[in-house]
Amino acid sequence: MTAGVLLALTGPEEAELVSLLDAPDTGLRVVRRCADVPEVLAAGLAGLGSLAVLSADLPDLDRPVLRQLAAAGVRTVLVAAPPDTARCRALGATAVVAAEDGAQEWARVVGDLVHSEPAADPVEEEPPPPAPATTGRLVVVWGPRGSPGRTSIAVNLAAELAAHEPTLLVDADTEAPSVTQVLGVLDETAGIAAAARLAGDGRLDAGTMRGVTRRLGERLRLLTGLTRADRWRELPAASLDVVWEQARETAAWVVVDVGAGIDEPVGGLGAPRRHQAALSALAAADVVVVVGAAEPVGMHRLVTALQELSDAQVCAPHASRVVVVNRVRGSAAGANPEQAVVEALARFAGVMDPLLVPDDRAALDRAVLQGATLAEVAHGSRARSAVQELAGRLTGAPERARRGRRVLRRAVR
């Protein structure tokens with residue numbers, strides 16, 4: 001069976017490569033000579049070829065494009081100048097060849113790729129993310145819609161973790177990014193968009209990752225979020241997968257605040273996904289902290305969200321889950337709110353050990369007004385004690401977790 005090849009080369013060697021690939025008995029045929037990346041992508045998504053040979057210096061050639069081609073069953077060979085080969089390998093190409101090797105060597109590599117293994121069938125799903133690094137641990141704070149307090153939990157959890165180990169807080173919420181507002185950070189740049197661009201171009205490493213973050217404390221850094229929710233297309237999953245990898249290299253703990261959406265409508269192959277940031281983070285997470293609110297509507301949403309998260313199977317098999325019920329108070333949950341919440345989650349969601357955060361509105365309001373964390377402005381806050389317990393669960397510090405639990409239970413009662 002003849003394999004179709006797509007070409008998009010900027011050098012003079014294209015005509016020679018066409019002759020070599022179209023020669024008899026090669027099992028190859030050049031089906032289209034493309035002028036630019038959009039034409040290659042259109043031909044690949046249309047199923048016209050199973051392999052593409054591209055000049056690495058083509059405009060708009062990045063990791064998301066190669067991910068889309070791979071999802072369509074198109075393997076890619078990038079022709080790169082020697083100084084650019086490392087960057088091109090980081091883009092996720094099937095193979096990288098040196099421009100100086102010439103058309104004959106390129107044709108040999110293409111032939112080896114086609115004949116050494118069968119071409120992959122086109123698939124709708126993106127390739128699985130890489131295995132988690134052995135350095136930093138990624139904690140994703142997620143929960144249902146309705147403002148249950150995901151951002152306040154994420155911000156204060158990052159502060160508690162940073163008290164002991166280097167921590168990176170990431171605002172990856174593409175629906176209502178607000179970490180900078182909560183912390184009073186006067187920064188109009190979207191650090192996460194800059195990181196995604198560097199990752200998409202194959203230029204993100206631990207050093208450049210630190211360069212786009214902002215220092216908040218001795219052991220706490222922030223990767224700021226989007227300045228507007230309509231910029232969500234700037235965070236493709238293919239780039240964010242690399243962002244999470246490099247984030248792990250910069251800190252012992254990476255706390256990611258994401259939006260509530262994980263439901264994606266069925267679209268065409270390569271179509272942008274509205275909630276790809278949350279889905280990418282959840283797929284890479286070591287721990288998923290699910291936050292809900294302790295009132296009747298909030299509890300219903302939490303139970304539903306836990307079921308949706310389980311059904312969607314978007315989390316990695318190794319990821320653990322912690323359920324946090326925020327704003328626990330008697331006026332919304334009855335005379336014994338702690339018992340009511342625990343019993344409801346056990347009965348309707350099978351959650352046996354939720355972490356309860358009392359509604360310490362005065363302390364939280366003071367923290368937001370001052371652009372600070374609870375540890376900074378309300379050291380003895382009841383809510384802060386609960387977040388300390390959450391940090392203790394994640395770090396495996398049982399004594400701190402037990403101490404926080406005792407304080408929490410006295411406060412709720």
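## Salt bridge between Asp201 and Arg203

The side chains of Asp201 and Arg203 form a salt bridge with an N to O distance of 2.6 Å; a salt bridge is here a side-chain nitrogen of Lys or Arg within 4 Å of a carboxyl oxygen of Asp or Glu. Asp201 is partly exposed, at a relative accessible area of 28%, and Arg203 is likewise partly exposed, at 44%. On this scale, buried means under 20% relative accessible area, exposed over 50%, and partly exposed in between, with a 1.4 Å probe and protein chains only. Asp201 and Arg203 also belong to a network of salt bridges that links them with Asp84 and Arg87.

## Basis of the values

The model is predicted: local features need pLDDT of at least 70, side-chain atom pairs count only at pLDDT 80 or more, and totals for chains, interfaces and linings use all residues. Residues are numbered from 1 along each chain as its sequence is written, and side-chain values use heavy atoms, with hydrogens and water left out.

## Salt bridges between separate elements

The whole structure contains 20 salt bridges. One of them joins Asp286 to Arg248, with the closest N and O atoms 2.6 Å apart. Asp286 lies in the loop between helix 11 (276-284) and strand 11 (287-293), while Arg248 lies in helix 10 (residues 237-250), so the pair ties together parts that are 38 residues apart in sequence. Helices (H or I, at least four residues) and strands (E, at least two) are DSSP runs, numbered from the N terminus. Asp286 is buried at 6% relative accessibility, and Arg248 is buried at 4%.

Asp360 and Arg382 form another salt bridge, the closest N and O atoms being 3.9 Å apart. Because Asp360 lies in the loop between strand 13 (355-358) and helix 15 (361-370) and Arg382 in helix 17 (residues 382-395), this pair ties together parts that are 22 residues apart in sequence. Asp360 is buried at 10% relative accessibility, whereas Arg382 is partly exposed at 33%.

Five strands make up an open sheet with parallel pairing, in the order 2-1-3-4-5; two strands pair if DSSP finds at least two bridges between them. Strand 2 (28-33) and strand 5 (95-98) are the edge strands, each pairing on one side only.

Strand 1 (residues 3-8) and strand 3 (residues 51-55) run parallel and are joined by four bridges. Leu6 has Ala52 as its bridge partner in strand 3. Helix 1 (residues 14-21) packs on the sheet and touches strand 1, strand 2 and strand 3, contact meaning heavy atoms within 4.5 Å.

How values were computed:
Axes are lines fitted to C-alpha atoms, for helices over the stretch in contact, and angles run from 0 to 180 degrees between N-to-C directions.
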